[in-house]
Number of protein chains: 4
Amino acid sequence: MLPETPTIETQVQVMFFDTDCAGVVHNIAYLRFIETARTELGEQLGLGLADMSRTQLFPVVVRIEINYKRPAVLGDRLVVEGRLETVERSRFWCAFRVVRPSDGALIVESRQMLALVQMPQGKPQRVPAHWMECFAHLRS
Amino acid sequence: MLPETPTIETQVQVMFFDTDCAGVVHNIAYLRFIETARTELGEQLGLGLADMSRTQLFPVVVRIEINYKRPAVLGDRLVVEGRLETVERSRFWCAFRVVRPSDGALIVESRQMLALVQMPQGKPQRVPAHWMECFAHLRS
Amino acid sequence: MLPETPTIETQVQVMFFDTDCAGVVHNIAYLRFIETARTELGEQLGLGLADMSRTQLFPVVVRIEINYKRPAVLGDRLVVEGRLETVERSRFWCAFRVVRPSDGALIVESRQMLALVQMPQGKPQRVPAHWMECFAHLRS
Amino acid sequence: MLPETPTIETQVQVMFFDTDCAGVVHNIAYLRFIETARTELGEQLGLGLADMSRTQLFPVVVRIEINYKRPAVLGDRLVVEGRLETVERSRFWCAFRVVRPSDGALIVESRQMLALVQMPQGKPQRVPAHWMECFAHLRS
């Protein structure tokens, strides 16, 4: 059974390779942090990595919006909070916040629109029928 | 003297490390392609990498919007077209299109909002006064 | 007090951005996995990320040797085992194995030589005197 | 016809995402620079990216040795020099040097051993018979 609103929290510590010579986390690194969270969120939706290898049904990112609010630095322990935000017939949005618990700072927020694509044909699919029921409160 | 509308084109060939096991370019890789183009666009604005090391005045990405339109694959030769889109008092937008000349496909489009920050204090600066004159046609 | 032989284990699940279009984990991705383990190993040696920001004494990778033994794929849960291997007067070696517990496969093994560098001057330092005592059994 | 000793030179300018908060190019970034050079070297050997997609015969990195000699910094224009070094029956070595022409500094040197693998079976292949003739002077 699907959770009412799929929600996830992942943790990451900022490594050297996440930072750049301005002394802060590079803007691209946050998208890796978020992708890890999105992957775990996907598992709640029946779109886990093991499922995908088998079904060849892949969630594909169609649009990303990302706002950089505060810099994070080497060694920071960050939390990525993710949730399923809205569901449409053939796509869905996930929302993410990267926060730093040590001072409560909001570092980054992002919304990402995804579609389901059947590989290897690359054919877009509707979202599963039972999502529309389970997530009636998330339909836009 | 600044160009009327700063515009850039850079080229990149898709490498293995740009792709993922779905057989296409990974969504994060495009942000590297675009950053390289943005860097060259910055040079037209007096924000070249050598300038930055000296002035410690850095363009900082505040928001990214990116739409993934078509997949690109290993070996594709892509062109990133970038231009300064709009200028405001304390921030500016750049717009990018990643295209594949071999078939004319539009692969990715992105808009990125930047601010100028004086390091190491991290203090936001207004855009240079002469930008407002040179780019009067780009003021929003 | 330092552990007799500093040893670490970290875990990582293979994400899309770790793989390439040959369907396997890309050779560069393993170096990220290992850097995360090396960072945690460094904390046992008084070279934690928070320490570094304060002391500006950085472990710098001088040489990497890495053997790719078996491919890993999307979704694999891998363990990186790391340990301090040998200590010399002005440098030290760490050894790593990336294994896949589900089938016991050895995926990658790597040895990395590091030196300690005082930033921002970039001046190499001897390893701390107490290391030579604590790790007498690791001196080469 | 194959060149007597396949040799390549590629150029790269150091971007923000190549650097880390120690102010220098991160050790992992050089492996991207070298992979781009190795890919172009592969084209001289009939292992171009377009060839691979068709033949599914992939050069696979089996071992990397990399020595970090001098740091490079933001904005540096680097040259990667690569050449086929030795050829054995079922594997071959490529050698690379990353240099900075502005001051002649040797930044990084690397040797990489590769094998040819037939995908999707993952079966190792002998190097092409005509390599053994053309590169008789490179046989070890």
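Five bridges is the count to look for first: 5 bridges join β2(A) to strand β2 (residues 57-68) of chain B, and the two strands run antiparallel. Strands pair here if DSSP finds at least two bridges between them. The elements themselves are DSSP runs numbered from the N terminus, with helices being H or I of at least four residues and strands being E of at least two.

A word on conventions before we go on. Residues are numbered from 1 along each chain as its sequence is written, while chains are lettered from A and ligands numbered from 1 in the order in which they are written. This is a predicted model, in which local features need pLDDT of at least 70 and side-chain atom pairs count only at pLDDT 80 or more, whereas totals for chains, interfaces and linings use all residues.

Now widen the view to the contact between chains A and B. It takes 15 residues from chain A and 15 residues from chain B, where contact means that the C-beta atoms of two residues, placed from the backbone, lie within 7 Å. On the side of chain A that touches chain B, the elements giving two or more residues are α1 (29-44) and β2 (57-68) of chain A. Of these, β2(A) gives the most, with 9 residues. Sorted by class, this side of chain A has 10 nonpolar, 2 polar and 3 charged residues. Here Ala, Val, Leu, Ile, Met, Phe, Trp, Tyr, Cys and Pro count as nonpolar, Asp, Glu, Lys and Arg as charged, and the others, Gly among them, as polar.

How are the copies arranged? Two copies of a chain are related by a rotation about an axis and a shift along it. Chain A can be laid on chain B with an RMSD of 0.0 Å by a turn of 180° and a shift of 0.0 Å along the axis; the superposition is by least squares on the C-alpha atoms of residues with pLDDT of at least 70 in both copies. Of the residues of chain A, E65(A) comes closest to this rotation axis, at 2.3 Å (C-alpha). The copies meet through the same surface, because 100% of the interface residues of chain A are also interface residues in chain B.

Turn next to chain D. Chain A can be laid on chain D with an RMSD of 0.0 Å, again by a turn of 180° and a shift of 0.0 Å along the axis. These two copies are therefore related as by a two-fold rotation axis. In this contact, 10 residues of chain A meet 10 residues of chain D, and the chain A side divides into 6 nonpolar, 3 polar and 1 charged.

Within chain A, you can follow a run of antiparallel strands. Strand β3 (residues 77-87) is joined to strand β4 (residues 92-100) by 8 bridges, and a hairpin connects β3(A) to β4(A) through 4 residues. From β4(A), 9 bridges lead on to strand β5 (residues 105-118).

Q56(A) has a positive phi of about 60° although it is not a glycine, and its place is the loop between α2 (49-55) and β2 of chain A. Most residues other than glycine have a negative phi.
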